[in-house]
Amino acid sequence: SKDSKTRSFCDERMKLHELAFDSYQIKNQLKELEADKKDFTDFYRVPKIDCHLHYESIATTKQFYDWLKGKYDTEGDIVADSETGKTIKHFLEEEGFHSDVSADDLGTQATFLMKNNFAEFNNSFNPP
């Protein structure tokens, strides 16, 4: 907006909302972490956001799981490395992915521990 009074008002209002949210996080992060251990539903809807593109950054945990499971089930016998003859299924199994793995087992759910901690953030979006 070109109106400086409106811009100032909105800026101050946004700062108030940010402070309220920060306060909420400080008071409730442990409660939310405990709730997250019981129910990951909300975190299926949280995509990874990063400064560069990964497949998992454009998909929720459930979508990423469905994609991996689809590759495992329908294209698992395709040779992925012609030198060794290893298949897609072989590579996925080497990384711990098999037919009994669930979306929760992927370990890609977001938590408050990821804020300002790139290592925690990055490790949470790698398959088991």
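The model is predicted.

**Stop 1: the whole chain**

Show the cartoon. The protein chain has 4 helices and 2 strands. Read from the N terminus, the order is α-α-β-β-α-α. Colour by accessibility next. Of the 128 residues, 23% count as buried.

**Stop 2: Glu 75**

Select Glu 75. You are in the loop between α2 and β1, where β1 covers 79-81. Is Glu 75 buried, exposed or partly exposed? Its relative accessibility is 29%, so Glu 75 counts as partly exposed. Then show the contacts of Glu 75. Setting aside neighbours within four places in sequence, they are Gly 70 and Ile 88.

**Stop 3: helix α1**

Select residues 4-38, which form helix α1. Now centre on Asn 28. A kink of about 60° in α1 is centred there. Asn 28 is also one of the buried residues of α1; the others are Leu 33 and Asp 36.

**Stop 4: the aromatic cluster**

Select Tyr 65, Tyr 72 and Phe 97. Ring pairs link these residues into a cluster. How many aromatic pairs does the structure hold? There are 2.

Start with Tyr 65 and Phe 97. Their ring centres are 6.2 Å apart and their planes stand at 50°, so this pair is tilted. Tyr 65 lies in helix α2 (residues 61-74), while Phe 97 lies in the loop between α3 (88-94) and α4 (118-123). The pair therefore ties together parts that are 32 residues apart in sequence. Tyr 65 and Phe 97 are both buried.

Move on to Tyr 72 and Phe 97. Here the ring centres are 5.6 Å apart and the planes are at 65°, so the pair is edge-to-face. This pair, too, links distant parts of the chain: Tyr 72 is in helix α2, Phe 97 in the loop between α3 and α4, and they are 25 residues apart. Tyr 72 is buried, as is Phe 97.

The charged end of Lys 89 sits over the ring of Tyr 72, 4.9 Å from the ring centre.

**Stop 5**

In soluble globular proteins, nonpolar side chains tend to be buried together. The largest nonpolar core here has 10 residues: Ala 59, Phe 64, Tyr 65, Leu 68, Tyr 72, Leu 92, Phe 97, Val 101, Ala 103 and Leu 106. Which element gives the most to this core? Helix α2 does, with 4 residues.

Finish on Tyr 65 and show what surrounds this residue. Not counting residues up to four places away in sequence, Tyr 65 touches Phe 97, Val 101, Ser 102, Ala 103 and Leu 106.

Terms used
Residues are numbered from 1 along each chain as its sequence is written. This is a predicted model: local features need pLDDT of at least 70, side-chain atom pairs count only at pLDDT 80 or more; totals for chains, interfaces and linings use all residues. Side-chain values use heavy atoms; hydrogens and water are left out. Rings of Phe, Tyr and Trp (its six-membered ring) pair if their centres lie within 6.5 Å; planes under 30 degrees apart count as stacked, over 60 as edge-to-face and the rest as tilted. Buried means under 20% relative accessible area, exposed over 50%, partly exposed in between (1.4 Å probe, protein chains only). A charge sits over a ring if NZ of Lys or CZ of Arg is within 6 Å of the ring centre and within 35 degrees of the ring normal. A nonpolar core is a set of buried Ala, Val, Leu, Ile, Met, Phe, Trp, Tyr and Cys residues joined through side-chain atoms within 4.5 Å. Contact means heavy atoms within 4.5 Å. The expected span of a helix is 1.5 Å times one less than its number of residues. The bend at a residue is the angle between axes fitted to the seven residues ending there and the seven starting there.
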